[in-house]
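Subject: Structure handover

Hello,

Here is the structure we talked about. Please open it first, then read the notes below.

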Amino acid sequence: MGIAEEVLDPVDLRLAARLAELRAERGWSLGELAERSGVSRSTLSRAERAETSPTAALLNRLCHVYGRTMSQLLSEVEAEPVTVVRVADQLVWEDRASGFVRRSVSPPAAGLRGELVEGRLTAGADLAYDGPSVPGLEQHIWVLEGVLRVTERGVEHELAAGDCLRMRVWGPVRFACPGPRDARYALVVVEP
């Protein structure tokens, strides 16, 4: 898929507009946001103009600065939340650079703190986050297929199909799929 096709993706277009709105709501320049997030001005500018699809790591940094979870941010580019979300209507977002696909199975809604996400990592993928978007975020990771390595607080957990890891995230966390098969997992996220 070429860059021109990525730019035209409706989710990426709405996400870019929402990122620009969040910065504008705070009255920050690109330079101020770059300082707060540790992301270069040029990368932020390209993400806000939908010239590139942001990576999961970039979105995580921005979510931290804006004080929201990634699911909250992604839900803000969807229509009004409903009680039943059909599989065809679930928001799917892909970070092609890292081999990560994220499906919002139950997007967050006002007044609710929990959400369910399906994650997929391709064999060999390694996804690192600087820290949680919301400190103390509770996560339950249930591996459905393959093997997933999760490193948090310097401890690596190797999870096989059926295994579940529960943790509160305060610092850097890494998700890796050693292969040979892709990893698919359910992630329950609960705000503190």
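Strand 2 (residues 100-106) and strand 3 (residues 114-121) run antiparallel and are joined by six bridges. Phenylalanine 100 has leucine 121 of strand 3 as its bridge partner. Strands here are DSSP runs (E, at least two residues), as are helices (H or I, at least four), and both are numbered from the N terminus. Two strands count as paired if DSSP finds at least two bridges between them.

Before you go on, two notes on the source. This is a predicted model, where local features need pLDDT of at least 70 and side-chain atom pairs count only at pLDDT 80 or more, while totals for chains, interfaces and linings use all residues. Residues are numbered from 1 along each chain as its sequence is written, and side-chain values use heavy atoms, with hydrogens and water left out.

Both strands belong to an open, antiparallel sheet of six strands, ordered 1-2-3-10-5-8. Strand 1 (92-95) and strand 8 (164-169) are at the edges with a single partner strand each, so one side of each has no neighbour in the sheet. Neighbouring strands are turned by 25° against each other on average, direction ignored. Axes are lines fitted to C-alpha atoms, for helices over the stretch in contact, and angles run from 0 to 180 degrees between N-to-C directions.

There is also an open sheet of four strands, in the order 4-9-6-7, with antiparallel pairing. Its edges are strand 4 (126-129) and strand 7 (155-160); each has a single partner strand, so one side of each lacks a neighbour in the sheet. The twist from one strand to the next averages 15°. Six bridges pair strand 6 (residues 147-152) with strand 7 in the antiparallel sense. Glutamate 152 is opposite valine 155 in strand 7.

Now the helices. The axes of helix 3 (residues 30-37) and helix 4 (residues 41-48) come within 9 Å and cross at roughly 110°. The two are therefore roughly perpendicular (65 to 115 degrees). Residues in contact (heavy atoms within 4.5 Å) include Leu30 and Leu33 in helix 3, and Arg41 and Leu44 in helix 4.

Last, the rings. The structure holds three aromatic pairs (ring centres within 6.5 Å, for Phe, Tyr and the six-membered ring of Trp). In one, tryptophan 28 and tyrosine 66 have ring centres 5.8 Å apart and planes at 15°, so the pair is stacked (planes under 30 degrees apart). Tryptophan 28 is in the loop between helix 2 (10-26) and helix 3, and tyrosine 66 is in helix 5 (residues 56-66), 38 residues apart.

Best wishes

Definitions and conventions
Angles under 35 degrees count as roughly parallel, over 145 as roughly antiparallel, 65 to 115 as roughly perpendicular and the rest as oblique. Rings of Phe, Tyr and Trp (its six-membered ring) pair if their centres lie within 6.5 Å; planes under 30 degrees apart count as stacked, over 60 as edge-to-face and the rest as tilted.
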